Amino acid sequence: MALSISRRLLRSLNSLGRLGSPLSASDGKGHILGVDVACVESSVFRKDESFFLSCRRYSTSIMTPDSSDGSFPSYLLTKKCVSTPEREIGLHQDLVIPVMNFLNEDKGFMCLAGDVFDVPIRKDIIHRVVRWQLAKRQQGTHSTKTISEVSGTGRKPWRQKGTGRARHGTLRGAQFRGGATMHGPKPRSHAIQLNKKVRRLGLKIALSARAAEGRQLMVFEDLEISSHKTKNIVNYFNQLENTKKLLLVDGGPISEKLKLATQNLHYVNVLPSIGLNVYSILLHDTLVMSRDAVNRIVERMHTPINR
């Protein structure tokens with residue numbers, strides 16, 4: 001019995017020795033699935049005519065500049081979030097988003113309704129709504145003159161026969177210079193029909209797309225600024241990343257200070273909540289909404305459609 005136990009111990013020790021032999025030259029310790037294993041490889045490489053010793057450390061923990069372990073240089077670690085868990089879009093889940101202001105002060109959190117800010121993305125609906133918007137905003141005031149509207153005489157220019165020329169009854173025809181335009185445009189409406197449910201769904205999809213992009217949708221406590229100076233908006237815009245155009249949406253009428261501060265900036269536009277539309281959202285990279293604007297838009301989306 002004692003002999004069999006010793007043989008088992010020897011076999012287990014030999015197997016551990018074979019597993020640990022490639023790492024026997026290492027001094028470091030690392031955790032892999034909760035087991036302490038020597039797991040540091042040493043390698044020497046050449047850079048700028050000098051030799052450096054690099055140590056690669058494998059660990060299941062995430063190292064940050066605030067980590068207590070000082071073996072890894074902190075200046076090589078980024079302070080940004082490297083990877084975040086991706087959520088599935090279009091599940092009608094309520095979203096919690098931080099609230100701030102132009103000074104980047106923390107103003108708490110706000111819950112965004114899932115049936116407005118987390119609906120499935122459908123490009124076909126967006127295309128139909130944008131096409132409806134652009135067609136409806138056309139003025140349709142184009143007009144050309146017909147043969148009865150062109151100024152000129154109604155006299156026959158020459159006799160019917162004997163001149164060798166083509167026969168004509170008026171000089172106001174389309175074949176003459178200064179004459180009429182045949183089948184030209186007349187004032188009309190270019191608007192096309194689109195159901196109210198589709199229009200409302202398009203706005204929900206546009207808001208959900210901005211919310212799914214993270215920092216492309218921000219909520220402010222209010223859009224109040226200290227003065228009407230343009231530099232207040234410029235300083236805030238320069239802090240934003242990957243933003244070329246900014247859209248500010250307030251709940252009620254736009255304040256006079258905000259109008260004066262943004263009127264000289266072609267990349268910053270301001271809208272009340274009642275004027276928020278799909279085309280304006282797609283035209284701007286970042287959407288900033290006040291808390292009042294979010295409440296009003298959610299209330300508008302929940303209002304029954306009058307038939």
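This is a predicted model: local features need pLDDT of at least 70, side-chain atom pairs count only at pLDDT 80 or more; totals for chains, interfaces and linings use all residues.
Residues are numbered from 1 along each chain as its sequence is written, and side-chain values use heavy atoms, with hydrogens and water left out.

The secondary structure of the chain comes to 8 helices and 10 strands, where helices (H or I, at least four residues) and strands (E, at least two) are DSSP runs numbered from the N terminus. Of the 307 residues, 30% count as buried; buried means under 20% relative accessible area, exposed means over 50%, and partly exposed lies in between, with a 1.4 Å probe and protein chains only. Among the contacts in the chain with a separation of 6 or more, 64% are accounted for by residues 24 or more positions apart, a contact being heavy atoms within 4.5 Å.

An open sheet of 6 strands has the order 6-5-7-10-8-9, with mixed pairing, and two strands pair if DSSP finds at least two bridges between them. Strand 6 and strand 9 (268-272) stand at the edges with a single partner strand each, so one side of each is left without a neighbour in the sheet. From one strand to the next, the twist averages 30°; axes here are lines fitted to C-alpha atoms, for helices over the stretch in contact, and angles run from 0 to 180 degrees between N-to-C directions.

Strand 5 pairs with strand 6 in the antiparallel sense over 4 bridges, and P98 stands opposite F109 in strand 6. Strand 5 also pairs with strand 7, in the parallel sense over 2 bridges, where M100 stands opposite F220. Strand 7 in turn runs parallel to strand 10, joined by 4 bridges, and the bridge partner of M218 in strand 10 is V288.

In a regular strand the side chains alternate between the two faces of the sheet. Both faces of strand 7 are covered, for L217 and V219 on one side and M218 and F220 on the other are all buried. Helix 8 (residues 291-302) lies across strand 5, strand 6, strand 7, strand 8 (246-250) and strand 10, and runs at about 90° to strand 10.

Finally, which residues form one aromatic cluster? F102, F220 and Y236 do. The structure holds 4 aromatic pairs, in which rings of Phe, Tyr and Trp (its six-membered ring) have centres within 6.5 Å, and planes under 30 degrees apart count as stacked, over 60 as edge-to-face and the rest as tilted. One of these pairs, F102 with F220, is edge-to-face, at 5.1 Å centre to centre and 90° between the planes. This pair links distant parts of the chain, since F102 lies in the loop between strand 5 (95-100) and strand 6 (109-112) and F220 in strand 7 (residues 217-220), 118 residues apart. F102 counts as buried because its relative accessibility is 12%, and F220 because its relative accessibility is 0%. F102 also forms an edge-to-face pair with Y236, at 5.3 Å centre to centre and 90° between the planes. Y236 lies in helix 5 (residues 230-239), so this pair ties together parts that are 134 residues apart in sequence.
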